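Trainee: I am new to this structure. Please show me how to read it.

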Amino acid sequence: MSTEGQELENSIKGLLQKEINPQKEGFEVTATRPLRNKGLAVDCTSKDHLDILLEKLNAKTQLTEKIEIKKPEKRFPRCVIYDLEEDTQEGDVLKALANATQAEEKDFRICFKMKGKGGRSHFVVTANPALTLALLEKKKINIHWSKHNIREHLDIKRCYKCQDFGHLQANCKRQYPYCAFCGFSHNTRNCRNDRPRCVNCLEANGKRKDKVDICHMASDNKCPSFLREHHFPSTKILQINLQKTISATDNLKTAIVEHKIDIIIAQEPYVYNGTIAGTPQSWAKWSSKNKKAVILAPQNISPVILTPKENAIAIKVNLNNKPCTIVSAYSSPLEEVEHTLQDIQEYINEIQGEDYIIGADLNGQHHNWGYSYTSPRGRAIDHLIGSCRAMLLNTEDAPPSFFHPNGTVGRPDLSVSSASLASNIEWKILQDETMSDHKYILMNISLKRQTTTFQRFKTKYGGHRKFRHNLNNHSQEMITKLIECTTKEDLDIAFTEVHQELIDICKKSYKIKKQELLKPPSWWTPTLEMEKKKLCALRRRGQRQARSNGTTESSIYNREKAKLRKKIKRTKTSAWQKFCTEETNPYGRHYKAAFRKGSPPSDLFQQHSGKGTELEFATSILDCLYPTTVDTPSEETTNTTPNIDLPFTKSEVNRIIHRLPKGKAPGYDGIDNIILQQIFFNTPDLILTIVNKCLEHNLFPSSLKIGIVLLFYKEGKDTSNPKSYRPITLLPTIGKMLEKLMTQRMEYHLEKTNQHHSKQYGFREGRSIDHALDNLLEKMEFHKS
C-alpha cells in the first residue's frame with residue numbers, strides 16, 4: 001500500500017474510534033480492511049451488528065460530513081471481452097453489449113481494463129446474472145468491424161513466482177521460484193524440460209488421499225487444483241451400452257470413480273432373474289419395463305421418478321434450481337424404432353417445455369451424426385429431433401462410439417438435449433476400455449445439481465468433550481431465556497432460538513457425516529488395470545489400421561478381451577471366497593451382504609403430470625397422504641382451574657433418557673439420542689427447564705412438529721398411487737422425549753386408578769399379543785370342557 005493510502009486508512013479509522021465505541025453501542029467488529037478506492041471496509045460479526053453500526057454512523061453528523069458511508073451491494077458476476085483495440089472507448093463497448101442482449105447501456109458497467117498482447121486490451125464487464133448468462137451463451141460479440149471472444153472472468157489471486165493461489169507475486173513468502181511448466185525450482189522462462197508437471201497438484205497429492213494427475217502445466221485451466229480453487233459447479237453424466245455383460249458392468253465401477261460420475265445412462269444392462277444385477281447395492285437403479293434402458297446413480301441424488309415406459313425410463317433432477325428430465329431409451333435393430341420414439345415423445349410432452357437430456361441407443365444411421373448414408377430409422381429419429389426443436393449433441397466429426405469385433409465401426413449412441421441446455425453441455429467420447437463394443441460418452445454439464453439433504457453428526461466417534469465444553473458456555477444463557485417467558489407465544493419463540501443454538505453447538509463440536517466417496521471395487525487389482533490399458537492400446541491400434549489390414553489386429557484384440565473377461569471373473573470370485581473364509585462370525589459381513597438386502601426409502605414419483613419441481617411433487621404426495629382438515633371453531637371457555645400437574649422431576653427424566661435407544665435416526669436437526677443424553681448428563685437443568693416450561697404453558701413447541709417423511713413401497717401395489725407407500729416420519733428427539741414423559745405420567749395415572757380395560761393388551765407395558773392369545777385359548781378350553 002502507498003504511503004498516502006496508509007495515511008488515509010489511519011485517519012478514517014481514527015475518526016471512527018474517536019466517535020464510536022463498539023462495546024458500549026452493543027456490536028462487535030471483527031476486522032477492518034483497506035479498499036482499492038482509498039476507503040476502509042469494516043467487518044461485523046452479524047447482519048444485526050452491521051445494522052447497529054450503520055445506524056450509529058448515520059446519527060453522527062460530524063462523521064457524515066467528513067466521510068461517505070455506504071453498505072456494500074451484492075456483487076454481480078463478471079465477464080471479460082478479449083483483444084480490443086487500445087483506442088476502443090467504453091461507450092462503444094456498452095453500446096455493443098446492449099445491442100447483443102436487447103438491453104439498455106445502463107444495465108452494464110465497465111469494471112476495469114487489463115493489458116493484453118500486441119497493444120490490445122481486455123475489458124471486464126459486470127451485469128446482473130441473466131444478462132451475464134446471455135452474453136456467455138453468445139461466446140462472441142461484435143464491436144466495430146470485428147468479433148471478440150467473451151468468457152467468464154475468474155477473479156482468482158495467483159502468484160506467478162511459486163504458482164500457488166491466494167496471494168500475488170509481490171506478497172509471496174517463498175524464497176525460490178517454481179516453474180509453471182515442470183514444477184522445479186527455477187524461473188519459467190529458463191525452463192528446458194519437455195515434460196510438464198504441476199507443482200500445485202504434486203503438493204496436493206501429498207496432503208490428500210484422492211490422487212490427481214500431475215502431467216500438465218500449473219497454468220492449465222483444467223488443472224484439478226485450479227478447479228478446486230474456483231469450485232466449478234458441474235454435473236457429469238456417463239452414457240454406455242453394457243451389452244448385457246457382467247464384465248462391462250464390473251468395469252463401469254472403476255470408470256465412475258476415475259471420472260467422478262453423478263448419473264449413468266445405460267442400455268442393455270446385465271439382467272439376472274428379472275432384475276438389474278452386477279451393480280453395488282448402494283447404487284440407485286431405475287429401469288424401463290423391458291429392462292433394456294436403465295438409469296444408475298452411484299451417489300445420492302434424490303430424483304423424481306417418472307412413470308416407466310416399455311422402452312424408456314426418465315428421472316427428474318434439479319440443475320441450478322430448475323427441473324431437468326434425464327431419459328434413457330433403447331431400440332433393438334430387430335424391432336421397429338417408432339415404439340421407442342413414441343415413448344420419448346410422450347416424456348417430452350409431459351414435461352411441457354422443461355429442460356431435458358436424452359441418452360439413447362436407437363441403432364439408426366444418418367449423415368447428421370457421422371454416417372455416410374441415411375436409413376429409414378435414422379430419418380425417423382432425425383424427424384423427432386427436429387419436431388421437438390431439440391439439439392443433437394453428437395457431432396459429425398466425432399469418433400465412432402461402436403467398434404465391432406470384425407473391425408466395422410458405427411455411431412448408434414445418440415445424445416440429445418433441449419436447446420436451452422445444450423450450450424452448458426460439453427460432450428465427448430472417451431477412449432477408455434469399456435469391456436463392451438460401445439465406448440463411454442461423457443456429458444459434463446456446467447450446472448450445479450441440487451439435492452435436499454439433512455445433516456447427521458458422527459456422535460459414535462468422539463467429540464463429546466468438545467460438545468460439553470461448548471454447551472457449558474451457553475447453557476445458563478439458554479436456561480435464563482426460557483425461564484423469563486411468561487406466555488405461550490414467548491416460550492415458543494424462545495425455544496426455537498434455544499433449539500437453533502443447540503444445533504449450532506453440535507455443528508461446532510461434532511463431525512458431520514458425509515456421503516462416502518466413490519471407490520473402486522476392493523477386488524480390482526493393479527494387474528487388472530494394467531491389462532485393461534494394454535487392451536485399450538490394442539483397440540486403438542486396430543482402429544488406426546485400414547479395414548483390409550485390420551482383421552489380424554481385431555482378432556488379437558478380441559482374443560485378449562476374452563482373456564481379460566475370464567481374469568476379471570476369476571479375480572472377483574477368489575476375492576469373494578477369501579472374504580468369506582476369513583470371516584470368523586458365520587453371520588458377519590458376508591452373510592449380511594448376501595442375504596440382508598434392505599429396502600431403502602422410495603424416491604418421489606409421478607402421479608399425474610410430469611411437469612414440476614421436486615417440491616411440487618412432494619407436496620402433492622403429502623396432500624394425498626395427509627389431507628388437510630378444516631378446524632371447526634369451538635366455543636371459548638374460561639378455564640379457572642389452576643394447573644395442578646406437578647413439575648417433572650429429575651428421576652422421571654432420567655428414567656426416560658436412560659431407556660432411549662442409541663441407534664435411532666434423528667430428525668431434521670441432527671440431534672440424536674446420544675447427544676440428548678450428553679445434554680442431560682452435563683446440564684440436566686436445561687432439559688428440566690424445557691420440559692417443565694412446556695408443561696406449565698401446555699405447549700408443544702412448533703419447531704418440534706417438523707419432520708422428515710420417508711416413503712416405503714408396499715410390494716404388489718400400484719407404484720403411482722401414494723396409498724401404496726407406508727409413510728414414516730422422523731421427528732426431533734427432544735419432542736419424542738417430551739411425548740414419552742407425558743405418556744409415562746398418563747400410564748401411571750391409568751394404572752393407579754385402574755381405568756385400563758381388562759381386555760386391552762396393545763400399547764400397555766407388560767402386555768402383548770401373546771397374552772391375548774393365551775387368554776383366548778384358556779376360554780376355548782374352558783368352554784370345551
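**Charges, pairs and burial**

Mentor: Start with Lys 458, which counts as partly exposed because its relative accessibility is 33%. Buried means under 20% relative accessible area, exposed over 50%, partly exposed in between (1.4 Å probe, protein chains only). This is a predicted model: local features need pLDDT of at least 70, side-chain atom pairs count only at pLDDT 80 or more, and totals for chains, interfaces and linings use all residues. Residues are numbered from 1 along each chain as its sequence is written, and side-chain values use heavy atoms, leaving out hydrogens and water.

Trainee: How many salt bridges does a search of the whole structure find?

Mentor: Side chains of opposite charge can pair when their charged atoms come close. A salt bridge here is a side-chain nitrogen of Lys or Arg within 4 Å of a carboxyl oxygen of Asp or Glu. The search finds 17.

Trainee: Which residue forms a salt bridge with Lys 253?

Mentor: Asp 250 does, with the closest N and O atoms 3.3 Å apart. Lys 253 is buried, at 10% relative accessible area. Asp 250 is buried too, at 3%.

Trainee: Are Lys 316 and Glu 354 buried or exposed?

Mentor: Both are buried. Their side chains meet in a salt bridge, 2.6 Å from N to O. This pair links distant parts of the chain, 38 residues apart. Lys 316 sits in strand S15 (residues 312–319).

Notes: Helix = DSSP H or I, 4+ residues; strand = E, 2+ residues; numbered from the N terminus.
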